[in-house]
Every structure is written in structure tokens, then in C-alpha cells.
Amino acid sequence: MAIRILSIDGGGIRGILPGQILVSLEHKLKVKSGNPDARIGDYFDLVAGTSTGAIMGAAYICPDKKGKPRYSAQEAVDFYLGEGERVFGSGSWPFLDKLKLVREEKYCSKELENVLKRFFGKTKLSDLLKPSCFVSYDIKKREQIIFRQHRAIVKNEDFLVRDLLRGSSAVPTYFEPARIFSLPPSNNKYILVDGGMVASDPALCAYSEAIKFSGVSGIKDMVIVSLGTGRQLSGYKYKEVKDWGIFNWARPAIDIAVNGSAQMVHYYIKQISSTIEDSKYYRIQPKLYTADSAMDNATPENLRKLKKAGEKNAEHFDKELEEIASLLVNSEGNHRYQ
């Protein structure tokens, strides 16, 4: 009886790519289970996400009034297609003088906050239907913060989902840090930036958390489905970068840190999974095709390209998705947090 883990990387508007892949997976789950109302959240026991991955992950396990998953995989993608331009359309860098460019974030945080409020309302971390690992980073405490639904229940350390997601997606230079507060009776305050600064791929966080559950002694007791958000790595030449200063290094440094982190996590999980035969670790890194790799390009044209790229990736990984769907339907997790 394996614990079934869904892990989704950070990547801004590129969350559309894993979102479309999960639309295909959800359709297969409906067919294989014979349940036309099947949702992604029904078939995973632990959901992990960083930044945009945390937003999507929370959507899949957000409850409706009947205690069932509120959003389908398609509705989660529609959230990005419908709201992406609003969130990433408030920037004005091309019109700012250089001094203001250095001193301010690219986008107004209020638009992101308003969108999260509309989508998640007053839902609390403890209300989520499944255990979670949503990653952020506290810049005052200088430590990673992992928001766990199961801990919120056991330890009574609760937060509004919309607040913790705002923290997990506060990408430096794009959005200002998020100052969030826990719900009573606890009295915690965090000053957060994007979780991608420490774990763009949260699969290793999910693995570390999963072994704390009953009946789980290692990766042999896990099914891990880890989804990337597409990447297009550009190399840098020595002559190009040797005289760069702080301003020129700002964006490339973030890009290297975020992508390098994800590469290392995949390496570690792959090494761990190689210690057993027939491991159930699936890492799907979609291709961008003609879509822009920028995490904030939410123009109508690029949204269409991302959607199309997601659909093409779902077709490309159809065999893997079939295998994953069969595994999920034919295994049932019943694990308790210890």
C-alpha cells in the first residue's frame, strides 16, 4: 500500500504546462475508475508544490461544501488562462527610469492577492483534503518554511491558504515579500519569499515528509509523480559575464539558483530510487515548444502557446500517464501522520 505523492515545480505562468498534463491524467483516472466525477485530489495522499506548483497543488485538494475536491484539473488550468494576464499585467518596467527599476518590484502584489482571495476565499490550511508540503522561505529567520496540512491539524498551527500561497509565490524582483500571520491560537509571523529560492522542485521535501507516515519506510513504499514547468536553459560565456555587476547578475543568478536546485533534487531522488528494483518515481519535465520560457509572459499569444504546448506534452507522455493512472487507481493510500 504505497503513499501516492504529487509534486509540482515552481515556474510562474508556465504552471499551465503541468496543469494540462494533469488534465489528461484526470481524464484517464475517470475512465479507469469508472467515476466521471474523479478528481486529481482523490488519487494522491500527499501534495507538494513550490510557488506556482503550490497554487496548483492547493487547488486540487481545496474542499467544496460537501468535502470533495472543489476544482477539476481543467478548472485549475482555466484559472491560469483567465487570471494570468491580470497578475502579470501590472508591471511597468519598460517605462521606468533606471533608478526606479532598481528600487521596486516588477509587479503589484495586490493583483496576485486579489486573485488568490477569489480562488481560495477563507479556506484554511487545515481544511485541505490531503496532507501537503508547500514550500516558502523566511528571509528574517533565514530558513525554509513548509506549510503542512497534517501538521496544521495535529499541532494547531493554521494559516489561510491564500496567505501561505502568496508567500510561496513571492518571487524576488517580481513581487514584494509577503508578511503573513498564523490563525489563533498560535501566534506565528513569517516574512516570505518564493520557495523556489530553496526548493524549486519540492519532490525531496515530499519524500522527507512521506517517510513520517505510518506504513512508509522508504521509497519502495511510494509512488512519486513529479512535474516540472518546462525549462530552456541558456548558457553564459565567460567573456559575457566576467565584468557583470550586481544589476546584470540579478536575474541570471535567480535563474541559475532555481533551475540548479531542481536539477539537484531530481538527481537525489533518482539516486534514491535506484536503490530498489521497479521504483515508482516519475519525473516529467515538459517541453516549451514555441512558448516563451519567461515565468511572467502572460500575453494572450503566449498563453495560447503554453496551453498548446501542455496539450502536446500530454500526448508525448501519454504512455507514462497511462501507467501512472493505473497505479493510482489500483492502489489506495491509508497512511497516518506519526
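What percentage of the 338 residues in the protein do buried residues make up? Buried residues account for 52% of the 338. Here buried means under 20% relative accessible area, exposed means over 50%, and partly exposed lies in between (1.4 Å probe, protein chains only).

The model is predicted: local features need pLDDT of at least 70, side-chain atom pairs count only at pLDDT 80 or more, and totals for chains, interfaces and linings use all residues. Residues are numbered from 1 along each chain as its sequence is written, and side-chain values use heavy atoms, with hydrogens and water left out. The pLDDT, the predictor's confidence in each residue from 0 to 100, averages 91 over the protein. A score of at least 70 is reached by 95% of the residues. Residues 91–97 stay under 50. For this segment the model has 10 contacts beyond four places in sequence, a contact being heavy atoms within 4.5 Å.

The protein contains 13 helices and eight strands. These are DSSP runs numbered from the N terminus, with helices (H or I) of at least four residues and strands (E) of at least two. The radius of gyration is 19 Å, close to the 20 Å that the globule rule gives for 338 residues, so the protein is as compact as a globular protein of that length. That radius is taken over C-alpha atoms, and the rule is 2.2 Å times the number of residues to the power 0.38. The C-alpha trace spans about 60 × 50 × 35 Å along its principal axes. Among contacts between residues at least 6 apart in sequence, 77% join residues at least 24 apart.

Strand β2 (residues 46–50) pairs with two other strands. Pairing requires at least two DSSP bridges between the strands. Four bridges join β2 to strand β1 (residues 3–8), and the two run parallel. Within this pair, S7 has A48 as its bridge partner. Another four bridges link β2 to strand β3 (residues 132–138), again in parallel. There, V47 stands opposite S132. Five of the five residues of β2 are buried, so the strand is largely enclosed by the rest of the structure. L46, A48 and T50 point one way, and V47 and G49 the other. Together, β1, helix α1 (residues 16–33) and β2 form a right-handed β-α-β unit. Right-handed means that, with the strands pointing away from the viewer, the path from the first strand over the helix to the second runs clockwise.

In soluble globular proteins, nonpolar side chains tend to be buried together. A nonpolar core is defined here as a set of buried Ala, Val, Leu, Ile, Met, Phe, Trp, Tyr and Cys residues joined through side-chain atoms within 4.5 Å. The largest such core has 71 residues. L25, F120 and F147 have the most contacts inside it. Helix α1 gives the most to this core, with seven residues. A second, separate core has 18 residues, among them L46, A210, V216 and V265. Beyond its neighbours within four places in sequence, F120 contacts I55, A58, A59, C62, V161, R162 and L165.

I254 lies in helix α11 (residues 246–273). At 16% relative accessibility, I254 counts as buried. Residues up to four places away aside, I254 touches P172, T173 and M197. I254 and P172 are 82 residues apart in sequence, yet their C-alpha atoms are 8.4 Å apart in space.

Four bridges join β5 to strand β6 (residues 189–194) in an antiparallel arrangement. R179 stands opposite I191 in β6. P185 lies in the loop between β5 and β6, and the peptide bond from P184 to P185 is cis, with omega near 10°.

Most residues other than glycine have a negative phi, and most peptide bonds are trans. R142, in the loop between β3 and β4 (143–147), has a positive phi of about 55°. At 61% relative accessibility, R142 counts as exposed. N156 also has a positive phi, near 60°. N156 lies in the loop between α6 (149–155) and α7 (161–168). With a relative accessible area of 39%, N156 is partly exposed.
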